[in-house]
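Please read it alongside the sequence and the structure shown here.

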Amino acid sequence: MNSHSRVVSEHDTDMPADCVEFCPEGASCIGGGENAYLACGTYMLLDGDRGKVGRVLFYEVCPSTCAVREVQRVTTPAILDMKWIKTTQKWILVSGCSDGSLVVLGPNTETHTMEIVHKTESQPVDMLLSVDCLPPKSGDDITLTCSQGNGFVSIHKLTDTGPTKLVEWNAHDWQAWIVASHATDKNIVYTGGDDCKLKCWDIRGPRQQMVFTKKKDMGVTSIRAHPTLPLLAVGSYDETIELWDQRHNSIPLASSTGAGGGLWRLKWHPTNPDLLLAACTGNGYSMWQLRESNNTLSCVAEYRLPHTSLAYGVDWCPQQHEGQHLISSCSFYDHKMSLWLHS
């Protein structure tokens, strides 16, 4: 582990953990105090072909002391991805599940808890592998995008009555591992699949137009648009992170090797756009710094222990501890969530 990184808290999630997401506005989303608020999604295959189950575990994190307290568990289908989404009145948590359903959790400000407010019908052949939200315009309904185990990508409208599927199309030949929205353009969606292709789609109109497709050596598993620059970070099983210019897509601007594992998740820092987190499946977690002068990424920290299993989930805490970054990570077979500091 990098000398500038240290573990401050470890927690057993009981079930295998595969995603962590901090609420951008902390525990105030449930009518709580000023602590950070973390959701951890789990996925467990039951013995004897009895299906899959999952939970969302919620934690409050005190940035000043780094104390972590589990505050709630909500039973759901097995979870593969989650996103916090701001509606006009509240924050909600949307989960993509192994039974093909979308589960929406919303706050109960009287009990200071989260509860299931919507769940779509199960579609077992259409496992939802990733979920994202298109950038909303004022007054618009929330628009969700989902990638599926059968290679399809779907678009859903989310209103007060729940999610409604608007359209789906066959985006990839095999599993569509990841879907990601453009940072500012709600008409553009990026997808990556086990067919080793990165694709960009224009979703205006009744038919989705492919803007470009790029072939890679291995499956494309993670895509993340930069929050302020026209850059796209792309990760795959080939253990590289590529930077693409969203305006010119002939070749990547840069390719950084050395992640040491398949790139399952990439997360830009919410307020420091030069920093990127990576969950590297079999090789723990790493932090990368973007140098805008030449559009390169360099690894500035690595973190493995106490995780001993597949590194699937990682996220930045929106608050800091004495000027140091707080980061959460989770891993699968050892069913562990941890919090660590980087200075």
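**Salt bridges**

Lys83 forms a salt bridge with Asp81, with 3.2 Å between the closest N and O atoms; the term salt bridge stands for a side-chain nitrogen of Lys or Arg within 4 Å of a carboxyl oxygen of Asp or Glu. The model is a predicted one, in which local features need pLDDT of at least 70 and side-chain atom pairs count only at pLDDT 80 or more, while totals for chains, interfaces and linings use all residues. Residues are numbered from 1 along each chain as its sequence is written, and side-chain values use heavy atoms, with hydrogens and water left out.

Both partners of this pair are covered: Lys83 is buried at a relative accessible area of 11%, and Asp81 is buried at 1%. Here buried means under 20% relative accessible area, exposed means over 50%, and partly exposed lies in between, with a 1.4 Å probe and protein chains only.

The structure holds 15 salt bridges, and another of them joins the side chains of Lys119 and Asp99 at 3.3 Å, N to O. That pair links distant parts of the chain, since Lys119 belongs to strand β10 (residues 113–119) and Asp99 to the loop between β8 (91–97) and β9 (102–108), 20 residues apart. Strands are DSSP runs of E with at least two residues, and helices are runs of H or I with at least four, numbered from the N terminus. Lys119 is partly exposed, with a relative accessible area of 40%, whereas Asp99 counts as buried at 16%.

A further salt bridge brings together the side chains of Glu168 and Lys165. Glu168 is partly exposed at 34% relative accessibility, and Lys165 is partly exposed at 40%. Asp14, Glu70 and Arg73, in turn, are linked in a network of salt bridges. The three pairs described above are set out below.

| Pair | N to O distance |
|---|---|
| Lys83 and Asp81 | 3.2 Å |
| Lys119 and Asp99 | 3.3 Å |
| Glu168 and Lys165 | 3.2 Å |

**Buried residues and their surroundings**

Ser9 is found in strand β1 (residues 5–12) and is buried, with a relative accessible area of 12%. A polar contact of 2.6 Å joins its side chain to that of His11; such a contact is a pair of N or O atoms within 3.5 Å, where within protein one atom must be able to donate a hydrogen and the other to accept it, and where residues adjacent in sequence count only if both atoms are side-chain atoms. Leaving aside neighbours within four places in sequence, Ser9 is in contact (heavy atoms within 4.5 Å) with residues including Cys66, Val68 and Met337.

Thr240 is placed in the loop between β20 (231–236) and β21 (241–245), and at 10% relative accessibility Thr240 counts as buried. Its side chain makes a polar contact of 2.7 Å with the side chain of Asp238. Beyond the neighbours within four places in sequence, the residues in contact with Thr240 include Lys216, Val234, Ser255 and Leu263.

Val131 lies in strand β11 (residues 128–133) and is buried at 0% relative accessibility. Once neighbours within four places in sequence are set aside, Val131 is in contact with both Asp81 and Lys83, and also with Val94 and Thr145, among others.

**The chain as a whole**

The protein chain has 0 helices and 29 strands. A compact globule of 343 residues would have a radius of gyration near 20 Å, and the 19 Å of the protein chain agrees with this; the radius is taken over C-alpha atoms, and the globule rule is 2.2 Å times the number of residues to the power 0.38. The C-alpha trace spans about 50 × 50 × 45 Å along its principal axes, and 59% of the 343 residues count as buried. Among contacts between residues at least 6 apart in sequence, 47% join residues at least 24 apart.

**Cysteines**

How many disulfides does the rule count? The count comes to 0, a disulfide being a pair of cysteine sulfur atoms within 2.5 Å. Cys66 is buried at 7%, and its sulfur is 7.9 Å from the closest cysteine sulfur, in Cys62, which is too far for a bond. Cys97 is buried at 0%, and its sulfur is likewise too far for a bond, at 9.2 Å from the closest cysteine sulfur, in Cys19.
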